[in-house]
Structures are given as structure tokens and as C-alpha cells.
Amino acid sequence: MSNLILLGPPGAGKGTQAKILEERFGLKQLSTGDMLRAAIAAGTETGLKAKAVMDRGDLVSDDIVIGIVADRLDKPDVAKGAIFDGFPRTTAQAEALDKMLPSKGKKIDSVIEMRVDDEALVKRITGRYTCAKCGQGYHEEFAKPKTPGVCDVCGGTEFTRRADDNEKTVRDRLAVYNKQTAPLVAYYQGKGKLHVVDGMADIAAVTQAVEAVVKGLKG
Ligand code: AP5
Ligand code: MG
Ligand code: ZN
């Protein structure tokens, strides 16, 4: 069992790599962003609270997010390990995670920081779109479907874009990352858990680098 954290700014490739790792290692992607978007789509009370905050690129409150993760970790599908994608995002969330994991018989094995230049991030996010049917992610330039307009995975022909994927909000999300999330790099370095990966490389090369860390964990 290994639990890892993918740490990186918006557009760093956390979701892209988490999905690949899920398939190769049987780990489970836990994306707090995806969970919150699901809550919005379902119209739950949490979703109602989160929507405006997310649309402007701010962070949802620590209490809400920590509660969602604590519940999620009780499901059996994380037994082989979890890939935390977009969580923790504040020091309070990291401390809460450190506190809750031992009581669930778990621990964080490794934290992978994905480093990408700001301008590349903006380009990645503004070109991103997703299959409406199966959720497969694409990019106008960097990850096109094999047949234009048709999802490789499910054959779907409808695609969606996230409400927060415009240039203005991306720049606000980046500022929030630098202020509130970047301190976690030092937090995990201090615990001897940090690995840095060059997120500027192409998707396959990033996967190789991330896999090397995961395999190292499994020894
Ligand atoms: P969240 O959903 O976590 O978004 P994010 O952190 O801003 O990150 P993204 O999902 O935008 O980027 P990614 O790193 O997954 O990149 P991807 O792989 O898609 O959070 C959204 C919001 O929810 C937050 O702003 C906040 O409001 C709230 N929230 C979530 N978690 C929270 C928490 N813990 N606390 C409080 N609030 C929280 O890649 C991007 C694009 O680039 C894709 O098109 C992809 O195809 C392409 N690409 C990927 N890798 C490469 C590569 N190596 N080369 C070229 N293109 C690439
Ligand atoms: Mg993502
Ligand atoms: Zn699809």
C-alpha cells in the first residue's frame, strides 16, 4: 500500500498523472476538486457553499474539505492506496491529514511536487476540455483525441470546460497557490517526504518520473 500526494499549481498535470497511476498501480485518485464539482452538480449543501468560491478561484473552507476527505478515506476502494490530487492545499489541511491518517491505519509515503512555469500553466488550463460522458481530459494542443471531436475512451462527442478555466481565474488561482499552498513544499521537505518532478516535460516523460518515485516506494 502506498499513499501519495501530487502537489502542484493549477494545470501542473496532477489529474492527468493521477488517472495514469490509478490504472498502472491500482491506487485510487482522490481529487478534492472533482469531489466538490460533483457536489455542485448534485446540488448538495456543500456544493451550494462551494460554487461561488470555486468560480472565483479561492479555496473552499478547510472544514468542508477536511470533512470530505475524512469520509472518503473510509471507503474500501482506497485500501491499496490513495493519490491525493489537490489536497492538502493549506498547512491546516496538511496537519489535519497527518492527524487523521494514523487512526485509519494509513500514512503518507511520498509527496511529489510537479513544477511548471506560470505561462505554461495558463496555456494548459485555457486549452483544457473534458469528455462530458466519461470525464477523460483533453487539451486543444497537447492531448488531442485521435479522431477530432470523438472521445478516445468512450466515443462520446460532447465535451465540457470548467467554469474556473478562464485566464483571469487561472491567474487568481495561481496567486492563491503561491500564497496558501506553496508553503507545503517546505512542510513535506521537513518530513523528508518531498520528491520534485519536472512538470514541463511531455506527459509520458512526467509519468516516467512519477513512476520512478512510486516504484522506489514499493522497493
Ligand atoms: P482542482 O480541481 O484541484 O484544480 P487545480 O488545483 O486548480 O488544478 P487543475 O485541476 O486545474 O490542474 P491539474 O494539475 O489537475 O492539471 P491537468 O492534469 O488537468 O481545484 C479547483 C478548485 O476547487 C480550487 O480552485 C478550489 O476552489 C477548490 N478546491 C479543490 N481542492 C481544494 C482544497 N483541498 N481546499 C480548498 N479548496 C479546494 O492538466 C491541465 C491540462 O494540461 C490538461 O488539458 C492536460 O491535458 C494538459 N497537460 C497535463 N500534463 C501536461 C504536460 N506534461 N504537457 C502538456 N500538457 C499537459
Ligand atoms: Mg485537476
Ligand atoms: Zn469519453
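Select Phe159 to begin. At 26% relative accessibility, Phe159 counts as partly exposed. Keep in mind throughout that this is a predicted model.

**Stop 1: the aromatic rings**

Show the side chains of the aromatic residues. How many aromatic pairs are there? The count comes to five, taking ring centres within 6.5 Å as a pair. Go to Phe84 and Phe87 for one of them. Their centres are 6.2 Å apart, with 40 degrees between the planes, and the pair is tilted. Both Phe84 and Phe87 are buried.

Color by secondary structure here. Tyr129 belongs to strand β5 (residues 128-131) and Phe159 to strand β7 (residues 159-160), so this pair ties together parts that are 30 residues apart in sequence. Tyr129 has a relative accessibility of 15% and counts as buried, because the limit for that is under 20%. At 26%, Phe159 is over that limit and so counts as partly exposed.

Ring pairs join Tyr129, Tyr138 and Phe159 in a cluster.

**Stop 2: strands around β5**

Which strands does β5 pair with? One is β6 (residues 137-139), antiparallel to β5 and joined to it by three bridges. Tyr138 in β6 sits opposite Tyr129. Follow the hairpin between β5 and β6: five residues separate the strands, and Gly135 has a positive phi near 85 degrees.

Turn to β7 next. This strand also runs antiparallel to β5, with two bridges between them. Opposite Phe159 of β7 stands Cys131. Select that cysteine and move on.

**Stop 3: the zinc site**

Display ligand 3, a zinc ion. Which residues coordinate it? The donors are the SG atoms of Cys131, Cys134, Cys151 and Cys154, at 2.2 to 2.4 Å. Along the sequence, these donor residues follow the spacing C-x2-C-x16-C-x2-C.

Check the angles among the four donor atoms. They run from 99 to 114 degrees, and the site of the zinc ion (ligand 3) is tetrahedral. For comparison, the ideal angle for four tetrahedral donors is 109.5 degrees.

Cys131 is buried, at 2% relative accessibility. Cys134 is partly exposed, with a relative accessible area of 36%.

**Stop 4: helix α3**

Select residues 45-55, which make up helix α3. Which residues of α3 are buried? They are Gly47, Ala50, Val53 and Met54. These residues span an arc of only 135 degrees around the axis, so they lie on the same side of α3. Look across from that side. The buried residues of α3 pack against α2 (32-42).

Then step just past the end of the helix: Gly57 has a positive phi of about 85 degrees.

**Stop 5: Thr207**

Finish at Thr207, in helix α9 (residues 203-218). Is Thr207 buried or exposed? Its relative accessibility is 5%, so Thr207 counts as buried. What does Thr207 touch beyond four places away in sequence? Show Gln17, Ile20 and Arg24, which are the residues it contacts there.

Notes:
Residues are numbered from 1 along each chain as its sequence is written. Chains are lettered from A and ligands numbered from 1 in the order in which they are written. This is a predicted model: local features need pLDDT of at least 70, side-chain atom pairs count only at pLDDT 80 or more; totals for chains, interfaces and linings use all residues. Side-chain values use heavy atoms; hydrogens and water are left out. Donors are N, O and S atoms within 2.8 Å of the metal (3.2 Å for Na, K and Ca); water is not among the atoms, so sites may look incomplete. Four donors count as tetrahedral if all angles lie between 85 and 135 degrees; four count as square planar and six as octahedral if opposite donors are over 155 degrees apart and all others between 65 and 115; anything else is irregular. Buried means under 20% relative accessible area, exposed over 50%, partly exposed in between (1.4 Å probe, protein chains only). Helices (H or I, at least four residues) and strands (E, at least two) are DSSP runs, numbered from the N terminus. Contact means heavy atoms within 4.5 Å. The arc is that of the directions from the helix axis to the C-beta atoms. Rings of Phe, Tyr and Trp (its six-membered ring) pair if their centres lie within 6.5 Å; planes under 30 degrees apart count as stacked, over 60 as edge-to-face and the rest as tilted. Two strands pair if DSSP finds at least two bridges between them.
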